[in-house]
Amino acid sequence: MENSKVSKVIAIDIGGTNIRVGLVDSLGNLEKNTKLDKPDISQVSDLILTTIKSFFNEKELQSASYFAVSTAGRVDNEKGTIKSASIGRGILPLGKDLKEEFGKEVILINDANAAAYGEYSKLKDKTQNMVYITMSTGIGGGAIVNGHLLFGAENSAVEIGHVVVKEEDYNILCNCGHPNHWEAFASGKGMPKFFKEWAKKQKINLEKDYSTAKEIFEAAKGGGQTEKKFLEKIGEYNGRGISMILAVYNPDIIVIGGSVMHHNRDEVLEPMIDNIEKHYKMPEIIVTDSGDEVCLLGAAAYAFDNLSS
Ligand SMILES: [Zn+2]
């Protein structure tokens, strides 16, 4: 520690369905946190500002040197804005709003990049080359190469869910509007639709119409043979996605997080590892121990290292 005084940040994570707000100290301890349902984009700033004022007392608020915001989509730190299809149409000026209301510095960071940085800060002694992947509502990622977090021209490098992974002639549209992306097949949101298309191709008559990935995983865990076979197929697509990551970033370690992974570790990991192309150096593959707070803690870690109090 360079500063003897432990400083704190208020971290905010805008996820697919929830918003998390927490007070984090520079040792990575989450002192106090809350979870909110995500409203319409027009109400996101107001809800966060109101929550900060009511959830933290004056002393806690004063103890925070700055705000760290993790969010899906693209961030503009100069303008203090966020643009993301998963938040809604339009621009969210949350960075600007926080700064105006509380007079503290704000740092905005893409959620997968935040998670990648947070995980890297725990692994620094072990490696300078790692990739974080989130398998959740969508699939995303962040990469640390030679100790540097990769941002890209629009702060959206390593949007790995949007690479094409098809081998058969499927034509499944991704959330982003383009066909056959990894996320369209193997994300929590994509799996139910892919399950139907896959079954059709296999000439399997489905008895059930699944609307969530959770139901498919539960059926497989309960012994459903069709669902188990489908998860083997998902393993092929995940294996191909990971192989691309190995080809491009050459990591020592891949850390995986996100709800699809957390709740179905064996069902996802095993078939995925079986399908990673063998000609690459096999990295260590681990699941994050930060759970649902991985982006919140990552944004805080990034703020501590990149903003001076
Ligand atoms: Zn896409």
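The structure is a predicted model, in which local features need pLDDT of at least 70 and side-chain atom pairs count only at pLDDT 80 or more, while totals for chains, interfaces and linings use all residues. Residues are numbered from 1 along each chain as its sequence is written, and side-chain values use heavy atoms, with hydrogens and water left out.

**Zinc site**
- The zinc ion has as protein donors His162 (ND1), Cys174 (SG), Cys176 (SG) and His181 (ND1), at 2.0 to 2.3 Å, where donors are N, O and S atoms within 2.8 Å of the metal (3.2 Å for Na, K and Ca) and, as water is not among the atoms, sites may look incomplete.
- The angles among the 4 donor atoms are 100 to 115°, and the site is tetrahedral, a label given to four donors if all angles lie between 85 and 135 degrees.
- Along the chain, the donors of the zinc ion follow the spacing H-x11-C-x1-C-x4-H.
- Histidine 162 is partly exposed, with a relative accessible area of 27%, and cysteine 176 is partly exposed at 37% (buried means under 20% relative accessible area, exposed over 50% and partly exposed in between, with a 1.4 Å probe and protein chains only).

- Leaving aside neighbours within four places in sequence, phenylalanine 230 is in contact with Met191, Phe194, Phe195, Trp198 and Ile216, contact meaning heavy atoms within 4.5 Å.

- The contact between helix 7 and helix 8 is made by Ile216, Phe217, Ala219 and Ala220 of helix 7 and by Glu227, Lys228, Phe230 and Leu231 of helix 8.
- In helix 10 (residues 265–274), Val268, Leu269, Pro271 and Met272 are buried, and the buried residues of helix 10 pack against elements including helix 7, helix 8 and strand 11 (253–257).

**Positive phi angles**
- Asparagine 146, although not a glycine, has a positive phi of about 50°; asparagine 146 is exposed, with a relative accessible area of 55%.
- Valine 158, also not a glycine, has a positive phi of about 60°, but valine 158 is buried, with a relative accessible area of 8%.

Notes:
Tetrahedral: all angles 85-135°; square planar, octahedral: opposite > 155°, others 65-115°. Helix = DSSP H or I, 4+ residues; strand = E, 2+ residues; numbered from the N terminus.
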